[in-house]
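Hi everyone, thanks for coming. Please have the sequence and the 3D view open while I talk, and stop me whenever you like.

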Amino acid sequence: DLFLAPQLHHVRFEWLTVDLDVPDALRSACVPAFVLQLLVENAIRHGLAPRRAPGRVLIAARLNRDRLSLCVSDDGVGFGAGSGVSSLGIGLENVRARLTQLHGADGRFTIEPAKPHGTVATIHIPYRRCPSDSTPSATDA
């Protein structure tokens, strides 16, 4: 299951809660390999770890006609907080470049502040269902 991997962080870090808001019908969506993992790791490393308190990561997926939106949000320090840097780092730039490479103008990446604090990173890609005989996390969209 593509959306099961982030739960490993919950086992590893007692201070972390990972919630999934992913309809069953979307769990077989083709998502570019490692994009979800990178967004979750980024939320933990840059959003939650700096504040040194329990935190939450939410992974949500929605379908709007033929477009899949996959959001990773955290209730951490917020984008650019602490470091004063508000530009994307190498990992997030790689996410943007990968989506462009795979989907051209049909692949979008946004990152914005969450309310009341934290960050929301969202990818928007064409929705495709992965074949049942392949593992979604190993299949590029």
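I'll go through the overall layout, then the sheet, then the links between side chains.

A word on where this comes from: it is a predicted model, in which local features need pLDDT of at least 70 and side-chain atom pairs count only at pLDDT 80 or more, while totals for chains, interfaces and linings use all residues. Residues are numbered from 1 along each chain as its sequence is written, and side-chain values use heavy atoms, with hydrogens and water left out.

Let's begin with the layout. The chain holds 3 helices and 5 strands. Here helices (H or I, at least four residues) and strands (E, at least two) are DSSP runs, numbered from the N terminus. Reading from that end, the elements follow the pattern α-β-α-β-β-α-β-β.

How much of the chain is buried? Of its 141 residues, 40% are buried. By buried I mean under 20% relative accessible area, with exposed being over 50% and partly exposed in between, using a 1.4 Å probe and protein chains only. The accessible surface of the chain is about 7,900 Å², and carbon and sulfur atoms account for 53% of that. Those areas come from the Shrake-Rupley method with a 1.4 Å probe, and for residues only the protein chains shown count as cover.

Now contacts, meaning heavy atoms within 4.5 Å. Taking contacts between residues at least 6 apart in sequence, 67% join residues at least 24 apart.

On to the sheet. In what order do the strands sit? The 5 strands form an open sheet in the order β1-β2-β3-β5-β4, with mixed pairing. The edges are held by β1 and β4, each with a single partner strand, so one side of each has no neighbour in the sheet. From one strand to the next, the twist averages 15 degrees. For angles, axes are lines fitted to C-alpha atoms, for helices over the stretch in contact, and values run from 0 to 180 degrees between N-to-C directions. Two strands count as paired if DSSP finds at least two bridges between them.

Let's zoom in on one pair. Strand β4 (residues 108–113) runs antiparallel to strand β5 (residues 119–126), and 6 bridges join them. Along this pair, Arg108 is opposite His124 in β5, and Glu112 is opposite Val120 in β5. The helix α2 packs on the sheet and touches β1, β2, β3, β4 and β5, its direction making about 25 degrees with that of β3. Helix α3 also packs on the sheet, touching β4 and β5, and its direction makes about 150 degrees with that of β4. Back in the hairpin of β4 and β5, there are 5 residues between the strands, and Gly118 has a positive phi near 110 degrees.

Next, the charged pairs. Side chains of opposite charge can pair when their charged atoms come close. We call it a salt bridge when a side-chain nitrogen of Lys or Arg is within 4 Å of a carboxyl oxygen of Asp or Glu. How many salt bridges does a search of the whole structure find? The search finds 4, and I'll show you some of them.

Asp19 and Arg56 form a salt bridge, at 2.5 Å from N to O. This pair links distant parts of the chain, with Asp19 in strand β1 (residues 16–21) and Arg56 in strand β2 (residues 55–64), 37 residues apart. Asp19 is partly exposed at 26% relative accessible area, and Arg56 is partly exposed at 38%.

Asp21 and Arg62 meet in a salt bridge too, at 2.5 Å from N to O. Asp21 lies in strand β1 and Arg62 in strand β2, 41 residues apart.

Arg51 forms a salt bridge with Asp75, where the closest N and O atoms are 3.3 Å apart. Arg51 sits in the loop between α2 (35–48) and β2, while Asp75 sits in the loop between β3 (67–74) and α3 (90–103).

Last stop: the disulfide. A disulfide is a covalent bond between the sulfur atoms of two cysteines. The rule used is a pair of cysteine sulfur atoms within 2.5 Å, and the count comes to 1. Cys30 and Cys130 form this disulfide, with their sulfur atoms 2.2 Å apart. Cys30 is in the loop between β1 and α2 and Cys130 in the segment after β5, so the pair ties together parts 100 residues apart in sequence. Cys30 is buried at 2% relative accessible area, and Cys130 is buried at 5%. Cys71, by contrast, is partly exposed at 23%.
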